[in-house]
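Visitor: I am new to this structure and would like to learn how to read it. Please take me through a few features, one at a time.

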Amino acid sequence: MIISIIVFLVSLSAVIMIHELGHFIMAKRAGILCHEFSLGMGPLLWSTKRGETVYSLRAIPIGGYVMMAGEEISDEVVKVGNKVGLIFNEYNEVVKIILDQNHKLYQDSEVVTVSQVDLKGEGMNPLYINEYSVKRDAMFVMKNQELQIAPYERGFDSKTIWQRFLAIFGGPFMNFLLALVVFLGISFITGVPEMDSAELGSVAEGYPAYGNLQEGDVIVSIEGESVENWNDVSNVLNDRLEDRNITFTVLRDGSTITEQVTPILYFYSVGFHSDENAGVLTIIGDVPADTKADAAGFQKGDKILTIDGETVISWTNVVDIMSRISNEAYDENRTVDFEMERDGTVVTLTVDQPFSGAFLESQGVEVIDSYIGIGPVYGFDFIASIQNGFLELKASALLIFTTIQLLFDSSGAGAGIGVGSLAGPVGIFEITARALEQGLLTFFSWIGLLSVNLGVINLLPITALDGGRLVFLGYEAVTRRKPNKRIENTLHYVMYLALMGLFVYITFNDILRLFNIR
């Protein structure tokens with residue numbers, strides 16, 4: 001658990017830091033003054049200043065930000081009539097403006113009442129307070145921090161549309177770049193499948209083929225049907241989904257050998273699968289956590305007797321009934337009753353709202369699938385590995401858009417899928433821990449998907465997100481007029497509060513799921 005928590009925090013922080021680094025790099029290239037580069041939100045834990053930027057670590061390791069000068073509208077810090085302290089250099093230029101009159105380090109500053117002031121200097125005009133010249137990199141001294149003043153040319157709003165676009169888009173771009181590097185790395189490490197061969201490159205331990213088939217076996221035929229390549233193997237197995245015993249003829253060390261394998265059937269609409277050793281008996285195997293079957297009370301070793309009142313005597317019956325149920329029109333009140341034999345007694349278990357076939361298809365999942373645990377040979381192919389990396393990036397991004405579409409589809413594929421189904425920090429921690437248990441390649445694949453998620457979501461045209469800021473930038477590019485800054489920031493602030501409310505709601509649901517309360 002401790003290792004999982006540490007890995008989760010480091011992983012999430014890395015993805016967020018990469019995002020903010022994109023903003024930071026492009027802002028600095030444009031000459032925008034960046035007051036702070038923060039990893040995390042909330043109370044300050046640690047900070048250090050390098051150059052003109054404070055690098056900080058904050059208590060809540062969710063989020064982060066780059067504080068750019070001029071990005072937010074604010075009243076002038078120093079106004080006519082204010083009293084401020086001034087610290088001068090040897091050329092009688094103001095280098096520090098003391099706003100906290102009780103600051104113990106600057107009790108000897110010269111206190112003046114401001115009669116005239118310009119700390120913006122638009123058009124590179126000189127900065128001044130009263131008759132005193134102010135350096136363009138002078139500092140405001142406040143109670144707990146010092147902040148560099150931001151002349152107009154150092155502010156976000158003073159830059160060209162293209163420079164501001166790059167400063168905003170730099171964050172999501174870095175997330176896409178991180179994901180691409182991860183996917184390319186995985187593709188180079190694993191190689192690409194050699195689809196023109198029927199040779200077995202892997203036989204997974206814990207699956208039906210293990211102990212029967214071996215790596216290096218060349219499949220000659222399946223159930224008497226000749227196969228020449230991996231596409232043939234897939235097609236024959238898909239056509240024999242309901243077969244409980246499948247005969248493989250393989251070439252091994254120059255000899256022809258025949259082996260029988262009993263596949264495991266997975267029923268994703270409910271979330272259970274056949275027991276590996278059950279054969280034709282309708283006995284279910286391990287029930288994965290957080291599935292509809294788990295919520296209904298399914299247990300390993302239960303024998304299915306009826307489904308929705310229909311008698312079941314073989315897995316063929318189960319496949320037919322579950323296929324029909326998955327293709328039904330969505331009904332929010334739909335339930336499926338299973339009669340199970342458990343320890344010599346009959347129990348009735350009810351599954352609420354099984355996933356529809358349309359929903360599973362939208363997620364790239366078959367309603368019913370068959371696993372025997374074999375895979376093709378993988379080999380190194382530089383060009384194909386690069387193609388696979390880009391294809392994985394594209395697929396990850398499209399999956400997010402599909403999920404967003406499901407949230408607003410109340411009658412089709414997304415029926416029954418709502419905001420409550422989304423995962424927040426607790427849910428992301430659970431997924432990260434599971435991915436880590438499955439090995440480094442699975443873990444890094446999840447990091448790539450997480451990075452793509454952050455990039456795509458930030459580009460949605462919603463105020464308070466990068467995409468919302470790009471919308472206002474687009475308005476300026478088309479109309480040649482800058483939007484009202486006060487209205488823009490009010491919209492950003494309102495949406496920020498709404499997103500924080502959504503964040504709390506999703507996190508609350510995460511906690512309920514974690515403790516199996518719902």
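Visitor: Leaving aside its neighbours within four places in sequence, which residues is isoleucine 16 in contact with?

Guide: Keep in mind that this is a predicted model. Isoleucine 16 is in contact with Leu39, Ile62, Gly63, Gly64 and Leu454, once its neighbours within four places in sequence are set aside. Isoleucine 16 itself belongs to helix α1, which covers residues 2-29.

Visitor: Is isoleucine 16 buried or exposed?

Guide: Buried means under 20% relative accessible area. Isoleucine 16 has 8% relative accessibility, so it counts as buried.

Visitor: How far apart are isoleucine 16 and serine 47 in sequence and in space?

Guide: In sequence they are 31 residues apart; in space, 18 Å separate the two C-alpha atoms.

Visitor: Where does serine 38 lie, and what does its side chain make a polar contact with?

Guide: Serine 38 is in strand β1, residues 34-50. Its side chain makes a polar contact with the side chain of arginine 58, at 3.5 Å. Beyond four places in sequence, serine 38 touches Ser56, Arg58, Gly64 and Tyr65. With a relative accessible area of 1%, serine 38 is buried.

Visitor: How are two packed helices described?

Guide: The description uses the angle between their axes and the distance between the axes. Take helix α2 (residues 161-190) and helix α10 (residues 466-479): they pack at about 165°, and their axes are 10 Å apart. Angles over 145 degrees count as roughly antiparallel, and α2 and α10 are therefore roughly antiparallel to each other. Their crossing is left-handed.

Visitor: Which residues of α2 and α10 meet?

Guide: From α2 come Ile161, Arg164, Phe165, Ile168 and Pro172; from α10 come Asp466, Arg469, Leu470, Leu473, Glu476 and Ala477. By class, this contact of α2 with α10 has seven nonpolar, four charged and no polar residues.

Visitor: At what angle do α2 and helix α9 pack, and how far apart are their axes?

Guide: α2 and α9 (residues 440-458) pack at about 155°, with their axes 8 Å apart. These two helices are therefore roughly antiparallel to each other, and the crossing of α2 and α9 is left-handed.

Visitor: How do the residues of the contact of α2 with α9 divide by class?

Guide: Among the residues that meet are Phe176, Val182 and Phe183 in α2 and Phe444, Gly448 and Val452 in α9. The residues of the contact of α2 with α9 comprise 14 nonpolar, seven polar and no charged. Pro172 of α2 is listed in the contact with α9 and also in the contact with α10.

Terms used: Residues are numbered from 1 along each chain as its sequence is written. This is a predicted model: local features need pLDDT of at least 70, side-chain atom pairs count only at pLDDT 80 or more; totals for chains, interfaces and linings use all residues. Side-chain values use heavy atoms; hydrogens and water are left out. Axes are lines fitted to C-alpha atoms, for helices over the stretch in contact, and angles run from 0 to 180 degrees between N-to-C directions. Helices (H or I, at least four residues) and strands (E, at least two) are DSSP runs, numbered from the N terminus. Angles under 35 degrees count as roughly parallel, over 145 as roughly antiparallel, 65 to 115 as roughly perpendicular and the rest as oblique. A crossing is left-handed if the near helix is turned anticlockwise from the far one by less than a right angle, and right-handed if clockwise. Contact means heavy atoms within 4.5 Å. Ala, Val, Leu, Ile, Met, Phe, Trp, Tyr, Cys and Pro count as nonpolar, Asp, Glu, Lys and Arg as charged, and the others, Gly among them, as polar. Buried means under 20% relative accessible area, exposed over 50%, partly exposed in between (1.4 Å probe, protein chains only). A polar contact is a pair of N or O atoms within 3.5 Å; within protein, one must be able to donate a hydrogen and the other to accept it, and residues adjacent in sequence count only if both atoms are side-chain atoms.
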